Amino acid sequence: PNTFTAFTAKDGLIRPSGEFSGSGSGVLSLASSPGGGMVLGTEWAGLFRCDGSEISRVVPSLMTAYVRALHRAADGVLWIGTHEGLFRYDGKVLTKAVNQNWIAPVSSDRRGTIWFGRSWAGGGLYAYDPATGGVQNFTAKDGLPDESIRAIEPGADGVLWLGCTAGLVRFDGKQFSVLGAADGGRQTSPRQVQAIHPADAG
């Protein structure tokens with residue numbers, strides 16, 4: 001039979017101050033762990049690893065971070081979106097890639113570009129090139145219908161799908177378009193999209 005296990009302060013899910021990190025939003029993000037289990041991003045308590053039976057802290061240098069987003073790229077690198085920047089963690093070394101606040105969501109495409117937004121903080125869509133360190137920012141002046149990006153999902157065909165207040169947005173690298181838009185690029189009754197998940201067929 002299926003069983004559920006709740007992890008709390010007694011299991012080690014606490015802030016450095018000793019408080020239970022489950023107050024408020026608690027666990028905000030999840031990513032797979034190379035050795036099995038999951039990496040947990042928390043509210044002001046940094047990162048933990050859960051193997052299904054035990055919780056342990058990882059990356060101690062981020063132990064007070066508000067971890068809003070986690071993304072495991074194809075090369076195994078963990079990208080961490082926090083209240084104070086985008087971080088890269090290869091399992092040994094943690095480096096700050098982008099100095100920007102309140103980063104979420106985070107994703108990557110088949111070329112290795114790291115895409116991220118800032119959700120309710122606005123600012124538009126960002127593309128980070130790990131090879132050069134360059135950051136490109138797309139905003140309303142580039143045709144982005146809404147600057148509060150809440151979900152990012154790269155398609156197998158190279159198209160980028162975005163969730164925002166304006167609805168579901170398609171970006172082909174040159175042009176942004178809202179699905180179902182009937183008034184020049186914006187839905188007449190916008191429906192906020194918070195999450196995107198690809199179907200089995202891609």
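Trainee: Which strands each supply at least two residues of the lining of the largest pocket?
Mentor: Keep in mind that this is a predicted model: local features need pLDDT of at least 70, side-chain atom pairs count only at pLDDT 80 or more, and totals for chains, interfaces and linings use all residues. Numbering runs from 1 along each chain as its sequence is written, and side-chain values use heavy atoms, with hydrogens and water left out. Strands are DSSP runs (E, at least two residues), numbered from the N terminus. The ones you want are S1 (27-32), S5, S9 (106-108) and S13 (151-154).

Trainee: What volume does the largest pocket have, and which lining residues are closest to its centre?
Mentor: A pocket is an open set of points on a 1 Å grid where a 1.4 Å probe fits, with protein on both sides within 12 Å along at least five of seven lines; lining residues have an atom within 4 Å of a point. The volume, the space filled by probe spheres set on the points, is about 380 Å³. Of the 21 lining residues, the closest to the centre are Pro-105, Val-106, Ile-152, Glu-153 and Ile-196.

Trainee: What kind of peptide bond joins Ala-104 and Pro-105?
Mentor: Pro-105 sits in the loop between S8 (94-98) and S9. Omega for the bond from Ala-104 to Pro-105 is about 5°, and most peptide bonds are trans. This one is cis.

Trainee: Is Val-59 buried or exposed?
Mentor: Val-59 lies in the loop between S4 (55-58) and S5, and has a positive phi of about 50° despite not being a glycine. Buried means under 20% relative accessible area, exposed over 50%, partly exposed in between (1.4 Å probe, protein chains only). Trp-102, at 22%, is partly exposed. Val-59 has 7% relative accessibility, so it counts as buried.

Trainee: How many residues of S5 are buried?
Mentor: S5 covers residues 67-72 and is mostly covered. Of its six residues, the number buried is five.

Trainee: Which residue in the turn between S5 and S6 has a positive phi?
Mentor: S5 and S6 (78-82) pair in the antiparallel sense over five bridges; pairing takes at least two DSSP bridges. Val-67 has Thr-82 of S6 as its bridge partner. The two strands form a hairpin with five residues between them, and the turn residue with a positive phi, about 90°, is Gly-76.

Definitions and conventions: Helix = DSSP H or I, 4+ residues; strand = E, 2+ residues; numbered from the N terminus.
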